[in-house]
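Dear colleague,

I am passing on the structure we spoke about, and I would be grateful if you could look through it alongside the notes below.

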Amino acid sequence: MYPRYIVSFDTSCMPCHEYDYLVVGSGVAGLITATLLADHGRVALLSKEELSESNTQYAQGGIAAAIGPDDSPELHYRDTIKAGAGLCSEEAVRILADEGPGYLYQLIEAGAVFDRTDGYSLTREAAHSRNRILHAKGDATGAEIERTLLCNIKRFDNITILPGIMAVDLLTDNGRCHGLIALDTSSGGMSVYTAGAIIMASGGAGQIYCRTTNPDVSTGDGAAMAFRAGARLADLEFFQFHPTALYLPRAPMFLISEAVRGEGGILRNVRGERFMPMYHQMAELAPRDIVARAIVNEMDKTGADYVYLDLRPIGTRVTDRFPTICLTCKQFGLDLTKDFIPVAPAAHYYMGGILTDTCGRSSLPGLYACGEAACTMVHGANRLASNSLLEGLVFGHRCAAAVSEESARQPLLPHLSNKVETSGGRQSVSVMDLKRLMWEAAGIIRCRQGLANAEHGLNDMPLASSAEPERGMLELVNMALLARLIVKASLKRTESRGAHFRLDYPYRSKEWQKHIVLSPEEEAEIDAN
Ligand SMILES: Cc1cc2nc3c(=O)[nH]c(=O)nc-3n(C[C@H](O)[C@H](O)[C@H](O)COP(=O)(O)OP(=O)(O)OC[C@H]3O[C@@H](n4cnc5c(N)ncnc54)[C@H](O)[C@@H]3O)c2cc1C
């Protein structure tokens, strides 16, 4: 039913490059892993655009770690477990909370500069019981982490940096992944890359939805490639929607960080009424799924496409604390010391992905994954704010350790000749159709009928291409596959939990205290913990 490859190719006619390790992606997870693996062998780092283009680069609010005097890894663990709505892997959360501070200090030693007042300046975000979010240059935390890691990586002679090279499909032999085919997005040429281990750090998939905070590169390629190669994916129905992305006709869907609510920002409907205290005792600092649904409800109630964020309670401090947000809003004529910001929810973070253990091992030998592309189940059904930069850091380190240990024992496979013909199938649905379909049917509020319609609509989208390989087409085909799997898992989960809300099954069900796992060969359910 699912094609093994996305395009036709013949590896005997393609240039072949051999390395010890291939890392796909240059966000926090890929950069950490590549840097650590450089001590053990030759690394190729592939990234489909310029290196900094990633979710990491745009992360604003900060990175969570229990370093405050009133905080502890135990409290961070408990907050994460609570936000994950019964589906977090306790082992993965324990690792994240315990190992996070140590890796964070290493990042600081490597040159990352976080804001300080008296000691590190820690802020609070939704569903955190303590102030534990470090930030850099106010609201440019991801850019600071990306800058630091990019600076470091350029010092290594044995890392070959390959911007503009898009991984297209994984190569497997005898049940082991030993390389991939990739497209040079400028020349259109295809090449083969082989290695003892392939690390997928290709980030998220927000582009599947028409409203997203994610940049263009986030099209779920890693999960789609891994699935086609036979690896297991998990938790695909759990997509986190950020409650507050800028909503202006001419403006990009720019994220207005949760940290603004942590500092006192208030949500109001278009009538100017504060509404969050009616929905949750933590009001504006309730978990993201609750805030996002409350906003949708208020938008329905008032017939508007947005609500307002009122940052006046922060006072003039807002300019120093959130310089990037203030500057962006200013470009659109908004003065945050007195104007309300129109905002609406947008797809933001993917909890689902390539199923791995806590050392990045996927179910396909030779293939590892870390960061947003992976699903360690650390976030369960709903990610706690600012836990994902930390996830990239912690599980990037652990993945590199496992890879260097295991792939050293793997002899490189000979380059196998592989000739594949694919056929394109129908394509009556455009990229925008796909994104709208997913937003309407598999977005913040879902129901059986909507999901079934989406399933039907997605059947018209091709899962392979017979045309000359081209980035946009390949991304569309990857998104079409992942969209089908998201819809399938969302239909299957007949309950509401965390980020997955079904209007026809509005309550959490004990029976669904389990994860949905999909691969081309199996549809399984595995118990939580
Ligand atoms: C606007 C915004 C704000 C955020 N704010 C925060 C925050 O404050 N705190 C927090 O913890 N998290 C935040 N997040 C989430 C966080 O940024 C991400 O989850 C995290 O950075 C993911 O890191 P990563 O390395 O796994 O992936 P990414 O940083 O997304 O990197 C993925 C890389 O893979 C490359 N790639 C993708 N497909 C291919 C392919 N086929 N071939 C080659 N290369 C490929 C991409 O080009 C990119 O370089 C935010 C996200 C966004 C979008």
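Predicted model: local features only at pLDDT ≥ 70, side-chain atom pairs only at ≥ 80, totals over all residues.

Residues are numbered from 1 along each chain as its sequence is written, and side-chain values use heavy atoms, with hydrogens and water left out.

**The ligand site**

There are 39 residues around the ligand, and Thr-56, Gly-62, Asp-221, Glu-372 and Ser-388 come nearest (a residue counts here if one of its heavy atoms lies within 4 Å of the ligand). By class, this shell has 15 nonpolar, 19 polar and five charged residues (Ala, Val, Leu, Ile, Met, Phe, Trp, Tyr, Cys and Pro count as nonpolar, Asp, Glu, Lys and Arg as charged, and the others, Gly among them, as polar). Among the elements that each supply at least two residues of the shell are helix H1 (28–37), helix H6 (221–228) and helix H12 (388–407); helices (H or I, at least four residues) and strands (E, at least two) are DSSP runs, numbered from the N terminus.

As for polar contacts (pairs of N or O atoms within 3.5 Å), a polar side-chain atom of Asp-221 lies 2.8 Å from a nitrogen atom of the ligand, whereas polar backbone atoms are involved at Asn-55, 3.0 Å from a ligand oxygen atom, and at Val-28, 3.2 Å from a ligand oxygen atom. The protein buries 98% of the 1,000 Å² that the ligand exposes when taken alone (accessible areas come from the Shrake-Rupley method with a 1.4 Å probe).

Five strands form an open sheet of mixed pairing, in the order E22-E20-E15-E24-E25, where two strands pair if DSSP finds at least two bridges between them. Strand E22 (374–375) and strand E25 (523–527) stand at the edges with a single partner strand each, so one side of each is left without a neighbour in the sheet. Strand E24 (residues 514–518) is joined to E25 by five bridges in the antiparallel sense, and Ile-516 has Glu-525 of E25 as its bridge partner.

An open sheet of four strands, with antiparallel pairing, has the order E16-E19-E18-E17, and its edge strands, E16 (239–246) and E17 (266–268), each pair on one side only. E17 pairs with strand E18 (residues 307–310) over three bridges, and Leu-267 has Leu-309 in E18 as its bridge partner.

Terms used. Polar contact = N/O pair within 3.5 Å; in protein donor to acceptor, adjacent residues only side chain to side chain.
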